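Trainee: Could you walk me through this one? I'd like to go over charges and strands.

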Amino acid sequence: MIEFSANYIAELLDGEIQGDGTTKINKLGKIDDAEPGALAFLSNPKYEPAIYKTAASAVLVNKNFQPRQELSTTLIRVNDPYLGFTALLEEYHKLTNSNKSGVEDPSFVHESSTLGKDLYRGAFSYIGANCKIGNNVKIYPQAYVGDNVIIGHHTIIHSGVKIYAGTIIGSHCVLHSGAVIGSDGFGFAPQPDGSYKTIPQLGNVVVGHHVSIGANTTVDCATLGSTVIQDGVKLDNLIQIAHNAEIGENTVIAAQTGVSGSTKIGKNCILAGQVGVVGHLTIGDRVTVGAQAGVGKSLDSGQIVLGSPAFDRKKYLRAYAAFRNLPDLLNRISELEKKY
Amino acid sequence: MIEFSANYIAELLDGEIQGDGTTKINKLGKIDDAEPGALAFLSNPKYEPAIYKTAASAVLVNKNFQPRQELSTTLIRVNDPYLGFTALLEEYHKLTNSNKSGVEDPSFVHESSTLGKDLYRGAFSYIGANCKIGNNVKIYPQAYVGDNVIIGHHTIIHSGVKIYAGTIIGSHCVLHSGAVIGSDGFGFAPQPDGSYKTIPQLGNVVVGHHVSIGANTTVDCATLGSTVIQDGVKLDNLIQIAHNAEIGENTVIAAQTGVSGSTKIGKNCILAGQVGVVGHLTIGDRVTVGAQAGVGKSLDSGQIVLGSPAFDRKKYLRAYAAFRNLPDLLNRISELEKKY
Amino acid sequence: MIEFSANYIAELLDGEIQGDGTTKINKLGKIDDAEPGALAFLSNPKYEPAIYKTAASAVLVNKNFQPRQELSTTLIRVNDPYLGFTALLEEYHKLTNSNKSGVEDPSFVHESSTLGKDLYRGAFSYIGANCKIGNNVKIYPQAYVGDNVIIGHHTIIHSGVKIYAGTIIGSHCVLHSGAVIGSDGFGFAPQPDGSYKTIPQLGNVVVGHHVSIGANTTVDCATLGSTVIQDGVKLDNLIQIAHNAEIGENTVIAAQTGVSGSTKIGKNCILAGQVGVVGHLTIGDRVTVGAQAGVGKSLDSGQIVLGSPAFDRKKYLRAYAAFRNLPDLLNRISELEKKY
C-alpha cells in the first residue's frame, strides 16, 4: 500500500494545510462514503454538508472555503479542488498501474517477432509471427496478437483481447478485455440456390494513436484496404464497427452503437449509445447523434439528429411530443368531423 | 452415462408407477420429441395427444390423469409433474456439473493469493496477486482473475471470463463466458484542441450473492467508489452496465440492454431486451421497461414504460396505434380542409 | 511474401496482357489507393478516371476496354474483371490462411477426445473430454472446446471462441473470436420472496454446416432439447440468440440483433442490424426485417417489416413521414378548429 502524509499532498498541489498535516493518506474516496485513510474533495457547494460528517482523513477544498461547523477532517486548501484531485488520480493510477512488467510463464512469442523494451507479457498471452511490438507495451494474460501485427509504444492490451493477423495499432492506446480487432467483415454473395458464398476479407484494421477501445467491442477488417480508427477516437463497450468503415479523429462513440460497412464518420463527432448507422454513408465533422437513433443517410458537419430514421433533433422532439398526444389528436379530428 | 429405473425415480418423487417400472431412464426430454431412454412430463392438458405417440420411456403425469388411449410409455404419477420434472433437472444438473474439480495444468496462481477448498481451476486460467477465492469455486479454462479480487464460495467463473483487479464477487454467482467485469468506465475530459484526456477510473465493481451474469456482458468499474450489482440480480447476455451504476436486488435485465453511468436501478425491476437507460437517473423498485425502450428520465416505483423516450406503456401503445394510422389521419384532415 | 507475374495471373484467368507482363504482383488493392506491386480491377465505368492515375502494377479490365489516356499500369483483359478479381481473392485467402497447421505448445486435449487429421491447435487452446474433432479443423490460440463437443471437418474456431459442453458444430463453419456457443439460457423462476431460482439449462446448441458466427456473438443452449442454427446461416457480430431459438437455412442476421427464446425463424430471411425479436414467435421464410425493428408477433413468409413494434415496411415509412410532420399537422388541426 502506498501512503502519503497530508503535508506531502499539500506540497504536491501547492496547497495549505488546516488541521493535522501528519495524517496518513492511502487511498482516494468520495466525500460521502470515504473511509478513514482516504483523501476526498469538496468542489460543488451542494455537497458541503457531507464534509462535516465525512470519515475521510483529509479533504481538498477551495482556498476560500469557510467551514460553518466543526470539522474532524484535515483540510488541504487549493485553487481548484477538482483539478487537484484529478491530478492526484492520475499520479495514483500511474503508480498502481506501472507495477505490471516482466514476463509470466507460460506465454507464447513466435521467434520471428520483434519486441520492444520494458514489456509486460502476462501468462497465456500469445504473439504470432512477424509482429513488431513497441516499448512499454503491456499485453495482459490470455491476450492474442495474430501474425504480422504492429503495436506502438505504451499501448495496453488487456486480458483476452483478440487482434487478428495484419492489424496495425498506434501508440498510447488502451484495448479493453474481450475487444476483437480484425475479425472478418460480414460479406456474403447470394447464390442462385439461396445459399451464400463467403467473400474473402483480405484487408486489415488500422488503429491510430491515443485510441481507447472498450470491452467486447468488435472492429472488422476491410474486404480490401483498411477499416480505420483515427487518432484520439474513444469507443465504449460492445460497439460494432463494420468492414471498411472509418471513424475520424477524436470522435467518441458510446456503448452498443453499430457502424455499418464503408461508412465514413468525421472528426469530433459524438454518437450516443445504441445508435445504428447504415452502410456507405458520409457523416461530417462535429455531428451529434442521440441515443438509439438510426442514421439512414449522410449528414453534414455540425448536424444534431435523433430518431429512427434520424432527423434534426429539435424537430424529432417536437414530433415525438405530438406523437405522445396522438390519441388526443384523434379525438379532436373526430370532434371536427362531427361538427361539420 | 447415468442411468436410473422408472421405479427409482417414482421413489424419489413419491410417485406411483403404471407400466414397466424397470424401464431404464438416462436422459430428460420433451414429450413431443423425446427419444427412447428419456423421461418426459405432461403438465398442460393441451399436450395430452403427444403422450400417446411419445417415444419417451417414461412420463411424469398428474396423479389423477386418465389415459383415453393405449400407452406404450411408463407413467409415473405425481402430485405436480412440472415441479417433479424441475426437481429432477436440478439433480441431474448437479450430478453432471459437479464433475469438474481439481487443477488442470498449466494454470497460473500468484503465490500471494489465498485459495479455498475444493476448487476447480481449468487449464490456462489465471489468478493474480492478493486474491481471496472461496471454497468450491470453479474457475474454467482461460478465465482471468486480476489482482486483489475476492470471490465468494460456490461461484462459477466460466471459460474466458475477465475480472479486472479489485473486483469483489459474492457467493453462489455464475459468470458466463466472455463476461468482462471491472473494465475502465468510459470517462474522457474534452480538451481545448478537440482531443480527450482519459479520466482515470480508480473504483471497482462489487457483485453481490446469487448473481448471474450472461455471456459477453460488460460491467465497468466506477470512477471512484463502486459499480454495484446487488444480490440476486440476473443479467442476460451482451448487457452493458456503465461506471458507478447500481442495479438493485433481484432485478432482471434481458439481453443487449445498456445502463449508463451513475444510474441507480431499484429492486425487483424487469428491463426487457435492447433497452437503453441514460445516465444519472434513479429508477424505483418494481419498474418494468419494455423492449427497445429508451429511458430518459427517472421513474417512480411500479411504473411500466415503453418507447424512446419512454413513457407509460399503455399510453405508448395507444399513441403507436394512432401512429400506424397516420396516413389515414392525414386524409381525414385534408378532407376536413376541403369541406371547409 | 507470395509473388506472381502479370503473365501468370493472365494465364490463370484466361486473359490477355497489354503492357509489361513480367511486372511482379504481390498483393491485391483498390484501384484508387493501390500501392506498387498491387493488382487492382476496373469494373464500374465510373471509376475509369482512376486507372490513369493508379499506382497498381496491373489492373484487371474488361476485354473490350478502350483506354482514353496513356497508362502506366499493365492491363490484364478478362471477360469479367470483378469475378476474376474475386477468384484471385479466394485463391490468395486460401494460400495465406492455409499456413496454420500443427500444434503449438502448451495446449490442452483431454485424452478421451478423438482428433481428426491435419488439425491446427494453437497455444493455450483447450479441448475437453469426449470431444470429436473432424479433419482439417483449425482451433486458434485460447479457444475453448468444452466436454462432449462435436466439430465437423474444415471448421475454423478463432482465438478465444468459447464452446460449452455438449455443443454440436457442423463442417465448413467459421466461428469468430469471442463468440460464445452454449452458455446457459436465461431462465429464472420467480419466488414468493421476490428472488429468482435458476432453471437448469440442460439442452445444447446444434450448429449446421457452412455457418458463420461473428465476433462476440452469443448463442445460448436450450433449456431442454437444442437451440438450432441451420445450414448456411450467417450471423454477424454481437448477436444474441436465446435458448431454444431456431434460425432457418441460409438466413442472414446483421450485427447486434437479438432473437429471444423459443422463436423460430424460417429460411432465407434477412434481419438487419439491431433488430429485436420477442420470444415464442414463428417467422416464415424470406422475411425481411429492417434495422432497429422490434418484431412483436409472428410473421408470414415474404413479409417486409419495420418499426417497433414492427409492421409492413412501406406503411411504416408512410406513417413515419407523417410523424415527421406532426407539428405541422397540429397546426392544421388548430386552424380547422379556429375556422369552425
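Here are some questions and answers on the structure above.

Mentor: Before you ask, this is a predicted model, where local features need pLDDT of at least 70, side-chain atom pairs count only at pLDDT 80 or more, and totals for chains, interfaces and linings use all residues. Residues are numbered from 1 along each chain as its sequence is written, chains are lettered from A and ligands numbered from 1 in the order in which they are written, and side-chain values use heavy atoms, with hydrogens and water left out.

Trainee: How many salt bridges does a search of the whole structure find over all chains?

Mentor: A salt bridge here is a side-chain nitrogen of Lys or Arg within 4 Å of a carboxyl oxygen of Asp or Glu. K27(A) and E35(A) form one, with their closest N and O atoms 3.0 Å apart. Over all chains, the search gives 15.

Trainee: Which parts of chain A does the salt bridge between R68(A) and E48(A) tie together?

Mentor: The two side chains meet at 3.2 Å, N to O. R68(A) is in the loop between β6 (58-62) and β7 (74-78) of chain A and E48(A) in helix α2 (residues 48-51), so the pair ties together parts 20 residues apart in sequence. Helices (H or I, at least four residues) and strands (E, at least two) are DSSP runs, numbered from the N terminus. In short, that's the β6-β7 loop and helix α2.

Trainee: Is E48(A) buried or exposed?

Mentor: The cut-offs are under 20% relative accessible area for buried, over 50% for exposed and partly exposed in between (1.4 Å probe, protein chains only). R68(A), at 69%, is exposed. E48(A) has 11% relative accessibility, so it counts as buried.

Trainee: Which strands stand at the edges of the nine-strand open sheet in chain C?

Mentor: The order is β10-β13-β16-β19-β24-β27-β30-β33-β36, with parallel pairing. Each edge strand has a single partner, so one side of each is left without a neighbour in the sheet; they are β10 (114-115) and β36 (282-283) of chain C.

Trainee: Which residue of β16(C) is the bridge partner of I133(C)?

Mentor: Two strands pair if DSSP finds at least two bridges between them. Strands β13 (residues 132-133) and β16 (residues 150-151) of chain C pair in the parallel sense over two bridges. The partner of I133(C) is I151(C).
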